[in-house]
Amino acid sequence: MNIVTSVSELANILRQGGVIAYPTEAVWGLGCDPFNESAVRRILKLKSRPEFKGLILVAGAQEELTPWLNSLNNETAKRLTSLNKIPTSWVVPDTKIAPSWIRGEHKSVAIRLSQHEPVQRLCAAFNGVIVSTSANPSGLNSALNIEEVNTYFGDKIDAIFNAPLGKATQASQVRDILTNTLFRP
C-alpha cells in the first residue's frame, strides 16, 4: 500500500495514468485523469461499474470549471460555483468537453466544486478536474478510512492520499443544473 502525503506526487501519478484513492467530503473516492481513457477504464473495472452510468468529476477551484462555465448562462454558472452546505454534484449539459467514457450514455456530466481542502489541494496540483467516484466495488459500502480502501483495492491502485476525510455525513447529492431536480439525495 503506497500511502502518500504529497499532492505533487499524487498529481504526477495521475498525469502518468495512475489511479489513486483520496478523501472527499464524506467518503473515500477513487480518482484519475478523466481524459485518460485507460485510467478511467481501470476504475470502472475496479468498481465493476458499467461505463453507461457515467462518472462524477470534482474540481477544487472555480477556474478548473471554466470549460463548463463558458457553456452556461449566468444563473446556472452561479449554481455550479455556489458554496452549498451539502456537497452537490451538478449534472451539466456536455457533449464536447468530457469524453464519452466519463459521460456514459448521457449528454451531460456531473461535476462538483469541492469545499474540502485536501481535494482542493489535489486538483490544484493536478491543475484540473479529476474523477470522483466512491472507493468501493459496486454493491459494497463506500470506504470510510484508509484500511477499508486497502481491503477493497490493496495494490490494485497506485496510491492512497493520506489526508483527513471531510465532515459531511453522506456522499454528494446530485442535481440537474438547469432544473435543480434532485437525482440523488
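Colleague: Which residue in strand 11 is the bridge partner of V174?

Modeller: In general, strands of a sheet pair through backbone hydrogen bonds, either parallel or antiparallel. In this predicted model, V174 has R184 of strand 11 as its bridge partner. Strand 10 (residues 173–176) pairs with strand 11 in the antiparallel sense over two bridges. Two strands count as paired if DSSP finds at least two bridges between them; strands (E, at least two residues) and helices (H or I, at least four) are DSSP runs, numbered from the N terminus.

Colleague: In what order do the six strands of that open sheet lie?

Modeller: The order is 7-4-6-5-10-11, with mixed pairing. Strand 7 (130–131) and strand 11 (182–184) are the edge strands, each pairing on one side only.

Colleague: Which strands stand at the edges of the five-stranded sheet?

Modeller: That open sheet has the order 1-9-2-3-8, again with mixed pairing. Strand 1 (3–4) and strand 8 (133–134) are at its edges; each has a single partner strand, so one side of each is left without a neighbour in the sheet. Strand 8 pairs with strand 3 (residues 28–31) in the antiparallel sense over two bridges, and G29 stands opposite S134.

Colleague: At what angle do helix 1 and helix 6 pack?

Modeller: Two packed helices are described by the angle between their axes and the distance between the axes. Helix 1 (residues 7–15) and helix 6 (residues 117–126) pack at about 55 degrees, with axes 8 Å apart. Axes are lines fitted to C-alpha atoms, for helices over the stretch in contact, and angles run from 0 to 180 degrees between N-to-C directions. Helix 1 is therefore oblique to helix 6, a term for angles that are not under 35 degrees (roughly parallel), over 145 (roughly antiparallel) or 65 to 115 (roughly perpendicular).

Colleague: Which residues of helix 1 meet helix 6?

Modeller: V7, S8, L10, A11, L14 and R15 meet R121, L122, A125 and F126 in helix 6, where contact means heavy atoms within 4.5 Å.

Colleague: What conventions apply throughout?

Modeller: Residues are numbered from 1 along each chain as its sequence is written. Local features need pLDDT of at least 70, side-chain atom pairs count only at pLDDT 80 or more, totals for chains, interfaces and linings use all residues, and side-chain values use heavy atoms, with hydrogens and water left out.
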